[in-house]
Amino acid sequence: MKNKTVITICLGSSCYRRGNQTILEVIKNYLAEHDLSKEVEFKGQLCTDKCIEGPNLSIDDAKYSGFDTNSVIKVLNHHFFNK
Ligand code: FES
């Protein structure tokens with residue numbers, strides 16, 4: 001059985017204000033629209049003291065910073081559909 005992809009989004013106040021408030025909704029909608037909810041563990045985490053680079057999130061072992069809603073869609077498309 002394939003391991004679940006783990007998406008972790010920083011919900012600390014800085015990352016949240018810097019964009020994760022919206023990115024959280026974008027990811028939730030993306031997973032629902034692409035029927036990926038059962039293949040993905042989507043979770044939040046507290047501040048990891050990298051606020052200056054935020055908004056921060058990770059997909060499995062890959063860490064991403066400074067995302068906006070367009071770049072997060074691109075990374076999700078690449079990760080799940082290799083496009
Ligand atoms: S709030 Fe996200 S790293 Fe600090």
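Author: Asp 49 lies in the loop between β2 and β3; strands are DSSP runs of E with at least two residues, helices are runs of H or I with at least four, and both are numbered from the N terminus. This is a predicted model, where local features need pLDDT of at least 70, side-chain atom pairs count only at pLDDT 80 or more, and totals for chains, interfaces and linings use all residues. Residues are numbered from 1 along each chain as its sequence is written.

Reader: ok, and what is phi of Asp 49 near?

Author: Phi of Asp 49 is near 65°, a positive value in a residue other than glycine.

Reader: is Asp 49 buried or exposed?

Author: Asp 49 counts as exposed because it has 8 C-beta neighbours inside 10 Å.

Reader: where is Pro 55?

Author: Pro 55 is in the loop between β2 (40-45) and β3. A cis peptide bond joins Gly 54 to Pro 55, with omega about 5°.

Reader: new topic. what does Ile 7 touch?

Author: Leaving out residues up to four places away in sequence, Ile 7 touches Ile 27, Val 40, Phe 42, Leu 57 and Ile 59. Contact means C-beta atoms, placed from the backbone, within 7 Å.

Reader: last one: where is Asp 60?

Author: Asp 60 sits in the loop between β3 and β4 (62-65). Its phi is positive, about 50°, although Asp 60 is not a glycine.

Methods
Contact = placed C-beta atoms within 7 Å. Buried ≥ 20, exposed ≤ 12 C-beta atoms within 10 Å, placed from the backbone.
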